[in-house]
Every structure is written in C-alpha cells, then in structure tokens.
Amino acid sequence: MKANPPPCGPALLHQTPAGPIVIVENGAAVTHVFFRRLMQPEHVEWKETPLLRRTARQLDEYFQGTRRTFDVPLSPQGTEFEQTVWRALQTIPHGETRSYGNIARQIGRPSACRAVGHANNQNPIGIIIPCHRVIGASGKLTGYAGGLTIKQYLLELEQGAVAPFMLFPDAERMLWDIPAGS
C-alpha cells in the first residue's frame with residue numbers, strides 16, 4: 001500500500017468558520033484541503049492562484065449555506081481502494097450521512113468497513129470530499145481529522161440546524177507559524 005504524498009504546490013491559507021484551512025493545488029486541480037493545525041506543509045508555495053481563490057470562494061459559499069456541491073477540479077492522490085471510497089463519499093447528498101458499512105456495501109466490499117474507515121481518514125481533500133458525512137453504524141459521530149466538534153458543526157450546518165458562526169473566533173493565534181505575506 002503506497003502512502004499518500006505530502007502536499008506540495010501553490011497553497012492558500014483561508015479563514016473559515018471552522019478555523020484556518022489550507023488549500024493546495026498542482027496547477028490543474030485541488031490536491032489538498034485540510035485544517036491548518038493538522039500539518040505543516042513543507043513543500044508549498046504560499047501563493048494565490050485563480051483556482052485557489054475559486055476554491056476558497058466555494059468554501060465560503062458552503063459555510064454561508066448557499067453552496068451544496070463543489071465544482072472545482074480535484075486530484076486526490078491515493079491507492080485505488082482509497083480513490084474508490086473517495087468517489088463514493090462524493091455521492092452522499094448534502095445534509096445526509098452514511099455509515100462506514102453503507103459505503104463498504106456501495107463499493108461492493110461489504111466486509112471492508114474498517115478499510116473504508118482508513119480510506120476516509122486518508123482523504124486529502126476535506127469538506128469538498130465529504131468524509132465528515134460518514135458516521136458509525138449506531139449513528140454516533142466517529143473520528144474526524146478536524147475533530148468531532150467540527151464534524152458535528154459541519155453536519156448541523158448542512159442540515160440547517162445551526163447558523164454559520166466562528167467556532168474559533170481567535171483563530172489568528174493559530175496562524176503564528178505561517179510565513180509572512182501568506
């Protein structure tokens with residue numbers, strides 16, 4: 001099994017109601033969307049590009065409740081199995097959830113619930129490839145790279161149960177190690 005490559009390419013740090021998000025592209029498609037506090041990309045060029053701005057605008061619309069689907073080109077890198085799971089995640093309608101078992105059955109691998117969970121965890125393009133919409137068989141929230149508070153917020157936002165708000169109002173303090181001018 002090959003590991004997913006680290007983010008590299010032009011990157012934009014974008015503030016959202018869920019905290020700062022890093023968006024990375026490869027010149028043709030978005031390769032990563034992740035919460036800033038999760039990793040320090042070492043090979044990115046902090047730079048705005050039309051694709052990065054378009055992705056940030058679509059994320060803003062999502063958080064404002066006016067966008068239900070994204071139409072930016074995506075290029076997540078992963079194994080064939082991970083790619084299959086990530087395509088299945090993109091079929092989960094806005095505001096709905098599926099269990100790991102539902103996804104395993106959807107992709108024709110009904111006994112692969114744990115592998116689906118692992119692929120979900122490896123998703124490099126959070127929110128846009130909606131791994132937050134996958135929950136445990138019991139209906140309970142299970143792991144999420146951004147944390148369960150953010151997962152719950154995203155699900156409630158999509159279901160219209162909460163108004164957009166800043167989960168992390170002093171998020172600027174989390175940006176202390178981003179290079180100047182980013």
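This is a predicted model: local features need pLDDT of at least 70, side-chain atom pairs count only at pLDDT 80 or more; totals for chains, interfaces and linings use all residues.

Trainee: Let's take the strands, then. How do β1 and β2 pair, parallel or antiparallel?

Mentor: Antiparallel, over six bridges, with β1 covering residues 8–16. They make a hairpin with two residues between them. If you want a spot to look at, H14 sits opposite I21 in β2.

Trainee: What does β2 do with β3?

Mentor: β2 also pairs with β3 (residues 30–35) in the antiparallel sense, this time over five bridges. V22 has F34 in β3 as its bridge partner. That hairpin has four residues between the strands, and G27 in it takes a positive phi near 100 degrees.

Trainee: Why would you call β2 largely enclosed?

Mentor: Because seven of the seven residues of β2 (residues 19–25) are buried, the strand is largely enclosed by the rest of the structure.

Trainee: Switching to helices. Which residues of α4 are buried?

Mentor: In α4, residues 113–121, those are V116, A119 and N120. Looking down the axis of α4, they fall within an arc of 105 degrees, so they line one face of the helix.

Trainee: What covers them, and what's on the face turned away?

Mentor: The cover for the buried residues of α4 includes α2 (80–89), α3 (100–106) and β6 (134–135). The face turned away from the buried side carries R114 and N121, which are exposed.

Trainee: One more: E158. Where is it, and is it buried or exposed?

Mentor: E158 is in helix α5, residues 148–158. It counts as buried because its relative accessibility is 7%, and the cut-off for buried is under 20%.

Trainee: What does the E158 side chain reach?

Mentor: The backbone nitrogen of G95, at 3.0 Å. Leaving aside neighbours within four places in sequence, E158 is in contact with Y62, H94, G95, H132 and R133.

How values were computed: Residues are numbered from 1 along each chain as its sequence is written. Side-chain values use heavy atoms; hydrogens and water are left out. Buried means under 20% relative accessible area, exposed over 50%, partly exposed in between (1.4 Å probe, protein chains only). The arc is that of the directions from the helix axis to the C-beta atoms. Contact means heavy atoms within 4.5 Å. A polar contact is a pair of N or O atoms within 3.5 Å; within protein, one must be able to donate a hydrogen and the other to accept it, and residues adjacent in sequence count only if both atoms are side-chain atoms. Two strands pair if DSSP finds at least two bridges between them.
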